[in-house]
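Good morning, colleagues. Please look at the structure on the screen while I take you through a few of its details.

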Amino acid sequence: MRLFLHVGLGLLFSFQAFSQEVTIPFRVGNVYGISDYNGKLVNKNKFDQISYNRKMPKGYFSFKNKEENGLAYNGKTLVSGPEYDEFGIEPNKFIIAVLKRNRVSRSTSTFKNEKEYNDFKRRNREGYALFNLKGETIYPDNFKKIIPVDTTGVSATGAKRARFALMATTNFDDQFSLFVYDCDKQKISEWLLKDYDKIKLDRGLTVPGKSIALTASKAKSDSPMSMQVNHIDGKFVLQPLTTEYRPGVKERFEKEYGTTELTGDPEYGSGTGKPNYTTEAVPPPPAYGTGVNATVPNDAIEKKRPKVVKQYIVHTFEIKDEKLFLKELIAGQKEAKTETEFPMPPVPAGQTYSFESFPYTSTTQDTEEKRVTQKNIIRFKSGDLYGMLLSQERMISCKYDSISPIKFTHSGQDQLLFVVGQKDVTTQTIQYGLIDSDEKVILPLMYEELDPFGLVKSFSKTRTDIRVYNKNWRFKQNGKYGIITAYDGIVLPAEYDEIEWNTAHFPGHQDDFVSLKKGGLYGFVLGADFKEANIVQPVFPYKIGFYDRNYQKEKGLLLFGLIDNDGKFFCYARKDGFLYYKAK
């Protein structure tokens, strides 16, 4: 069971941040405490593990001590126990904890009787526990389900805060209840309905901010009773359901389209059982002559040219039995023409071609008579060299030690480009560059690596899609990495030991960034956007696993989560290189 509270409650209730100063997890040796922004510990409490979720209000942290999970506020423990899994906090209202699934078996536990065992099993399975903001239990029996429904009233702690919260719950006997939680007094103030066999909210009859319609049955044998929870004088009041005027079809139509009048036979209606609403009569179209026996002088008739029927032809290369064939399909014909083996240039004795297809659609010919569309391109190899077949008429000859096609958009135009490599005659190492489909050089063949996909988060080496969306490409020169663009030159010079997309994943934090490494230190580029403001040069002794922008809702406060060699959270750090860590 995953915790729904961070999103669900946040949408239902208005968010109000706490006013306390920023507090940050601080590592001392192998345990954690809580410090202020400057790294001064605010108390002496220590935790084995501590976690800040950026969706939690300011000051709250979840922690783990041995087998217990807990929730702390500015280092002070509020809730703790082995039965809790995750925590959610609704600011100024309450805390909800997710209960772990009961793993205790009957064979390893002792119970006085069957009832005690069944009660233990029922009340200690997955569910939710409700606490006030002091960490005090609101309902000791806990809930199987708990759903916030609405808020009303004005809190004494702030005009923008609600005084009461309406909660719908299900207990472990599958009975339903509806209660009011007093946010100021931090307790349940009233049970509107308790331990009912069924409660069903009727959203169709509910008026947001005014009333909530529902049906309820106390026992299975009872008929459902229609009720409504009304907002009266800042409180929730349960009353019998009453009908409230709602605009009819005609009123809603007139509100949207203007005043209307009813048409149709006044005695028999429209014939459909429903009134017809019209705004005004539609005038007939203008006359264009009688249309009968119309005569036009012969000299006024323009002689029409013969109509040209344009052919639409699709060409597709197909690989069969290590041979290449060209298939032609003409629009309007059910079957393609007979496939013909495509004539490749001759190769030296003992050599053959190997082929690989890439999807790429282009128009190779477009005249008044016909349009030819090519559906794919072919990379071919002979010996140790590669070439590309672009269409029936166009080919890049087999002369490169490496060639990879990419589809790239520049100045609003799609282009077919190729990352190519050729061996340097002196060093015998392959040097890479970029050419277009006419073999015009865009980036000279001078790089040890040129990787358009290196900074793409979802890139897989087995993918067949050749589209490149990222304009910033990783390159390698003289053993170091840098960033370059196809047409705008170098973005980062080749002076880094590593430039790679972050592969660590930390739920509740942001992890979409590029990691830099230089001289044993690590840096950061926000979202692969290499503007100067988004780059933090390598200053950290540990790799960055995540970041929290506007930490604890403090605008402009950026903190980094550093990780150890095992990919586990180590400590927080500031942009200036300050670590929230010290050895014992």
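A polar contact here is a pair of N or O atoms within 3.5 Å; within protein, one must be able to donate a hydrogen and the other to accept it, and residues adjacent in sequence count only if both atoms are side-chain atoms. The model is predicted, so local features need pLDDT of at least 70 and side-chain atom pairs count only at pLDDT 80 or more, while totals for chains, interfaces and linings use all residues. Residues are numbered from 1 along each chain as its sequence is written, and side-chain values use heavy atoms, leaving out hydrogens and water.

I begin with serine 391. This residue lies in the loop between strand 25 (385–389) and strand 26 (395–400); strands are DSSP runs of E, at least two residues, numbered from the N terminus. The side chain of serine 391 reaches the backbone nitrogen of arginine 394 at 3.2 Å. Serine 391 has a relative accessible area of 3% and is therefore buried (buried means under 20%, exposed over 50%, partly exposed in between, with a 1.4 Å probe and protein chains only). Leaving aside residues up to four places away in sequence, serine 391 touches Phe317, Phe342, Thr364 and Gln374, where contact means heavy atoms within 4.5 Å.

Next, the cysteines. Cysteine 183 is buried, at 5% relative accessibility, whereas cysteine 398 is partly exposed, at 24%. How many disulfides does the structure hold? There are zero, a disulfide being a pair of cysteine sulfur atoms within 2.5 Å.

Finally, strand 3 and strand 4 (residues 60–65) pair in the antiparallel sense over three bridges; pairing requires at least two bridges found by DSSP. Serine 51 has serine 62, in strand 4, as its bridge partner.

Methods:
Helix = DSSP H or I, 4+ residues; strand = E, 2+ residues; numbered from the N terminus.
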